[in-house]
Amino acid sequence: MRRLVSCLVSLPLVAAAVAVPQAGAGPIQDVTPTPIASCPAVEVITAAGSGDAHPGDDPNVPRGFVVGTNFSKLAKERFEGVRSWQLPYYGSAGIVGSNEKIGLPRFPNYAASAADGVEKVRARIDDVSAACPDTAFALAGFSQGAHVAGDVLMHLSPEQAEKVIAAYLLADPRRGSKDGATLITTNHGPISEQHTGLLGSRPAGTFDRYEGKVRSICSQGDPACDIPAGGLLAAVGQWAQQADPEPYEVTPVVAMDSMLTDGSFLIAVAPVAPRLAVALGHSDPRGVGDALRAAAGNPRLNQAQRNTMNLAAHEVQDMLSYLKAKGFATHEPGATGSTAVDTTIGLVRLALDPAVAAAVPQTLGMFDRHFVYRGESRAFTTIDGVRVDDWITADLTREIGNYLGQPEQAVRPVPASERRGLVKLFGHGLWKLLDKVLGNRDPASQRVWERFEL
């Protein structure tokens, strides 16, 4: 049962983390161009992933992928004539996947967040290209940020595309084996040509005009960028593309992870747990939504928490309804006449459903494959014996160095062994503590990361 509940809770989290903008979806807020004060030789544009960005961020303060080696800061410091621009956007993953550490006033669904990111990066490139026609670009994005960067690359003008010297799409949810990007695999092994990102793939040949400059980095088993087509997770990705952004405008809200941490989610759900179990056991999405809406009415919750629970009810019900319409999770309850027994039979059938059984290990891959590229875990992912973020740093600075005629300024690849050891272990433990208390975006967390060269 615990494994089943973990899967059911994780599916909307995965969907929120890697959804795609709806057709015609506009930006969340007006794009305010950053004044172009001077013309660099190269501008490095970086888009962080879900939970690692904020629309109020100063775009001129390089954060890289927030966790890990700050490659955009190093490139700026290493080379004269290089400027870094960090995408200031929501980086939101909806309410179920919301993270309190970002400090967002609301949590738009991923579709609206990604659309906002694409619009802002395109506007930035247009502005720089108009003011500085000789400036070249390097783009890098992780997860939602990779989705944003990849979609921007799709639509650059021929003149702008010629000025791209390198692009890095790490864990791209729209990765495909025929999109024209150079696939970089990790120590976790090869990726099937039949597998795509959670959202399917971009059209064949999308990146051909970049002639190998676009590197798509993906670990086998990462549900953001490596899933089989036609399964439950693929259907979740399809649902995410249909998500209605309007309900997410409600405020005030709190992040779902804060309700899990302070116990208010359990307080709210405990009284309706039997209703929730019956609805799940009887494949009743509306019943699940109604149970969560009833939980939102718990008098022990404050208004922000009630709003969060109501948004979660909308999000989960909408997803389950879509999956059921597509033929998933359509198990039958028992027929003994006992509600408790019939519900138990239904839950067992749900757990044994082949589609659910296949999705569980894929979903859990979010934790042991998707969130270990940047060193969050000591069991980090590597490329040719180098941690992924260090590999990107070395490759990016090599490309910039070659372009500027300064190859000696490139950062050397840091062997994975240099990121281990007792001192690193202590530093990583301290960083983990600060990350839990303050969040990885906090200056104290980032100073510890840099001080111990984690």
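At 36% relative accessibility, Glu418 counts as partly exposed. Keep in mind that this is a predicted model. The partner of Glu418 is Arg412: the two form a salt bridge, and their closest N and O atoms sit 2.8 Å apart. Arg412 is partly exposed too, with a relative accessible area of 48%.

Another pair to look up is Arg293 with Asp290, whose side chains meet in a salt bridge at 3.0 Å, N to O. Both belong to helix H10 (residues 285–296), where they are three residues apart, or about one turn of the helix. Arg293 comes out as partly exposed at 28% relative accessibility, and Asp290 gets that label at 27%.

How many salt bridges does a search of the whole structure find? The count is 20. One of them joins the side chains of Arg174 and Asp151, at 2.9 Å from N to O. Arg174 sits in the loop between strand S4 (164–170) and strand S5 (182–184), while Asp151 is part of helix H4 (residues 144–155), so this contact ties together parts that are 23 residues apart in sequence.

Are these two residues buried or exposed? Arg174 counts as buried, at 16% relative accessibility. Asp151 is buried as well, with a relative accessible area of 8%. Both values qualify because buried means under 20%. As background, side chains of opposite charge can pair when their charged atoms come close.

## Strand S3, covered on both faces

Now for strand S3, which spans residues 136–142 and is mostly covered, with seven of its seven residues buried. In a regular strand, side chains alternate between the two faces of the sheet. On one side of S3 you'll find Ala136, Ala138, Ala140 and Phe142, and on the other Phe137, Leu139 and Gly141; all are buried, so both faces are covered.

## The neighbours of S3

Which strands pair with S3? Strand S1 (residues 42–47) is one of them, pairing with S3 in the parallel sense over six bridges.

S4 is another partner: six bridges join it to S3, and the two strands run parallel. Here Ala140 has Tyr168 in S4 as its bridge partner.

Terms used: Residues numbered from 1 in each chain as written. Predicted model: local features only at pLDDT ≥ 70, side-chain atom pairs only at ≥ 80, totals over all residues. Heavy atoms only, no water. Salt bridge = Lys/Arg side-chain N within 4 Å of Asp/Glu carboxyl O. Helix = DSSP H or I, 4+ residues; strand = E, 2+ residues; numbered from the N terminus. Buried < 20%, exposed > 50% of the residue type's maximum accessible area, 1.4 Å probe, protein only. Pairing = 2+ DSSP bridges.
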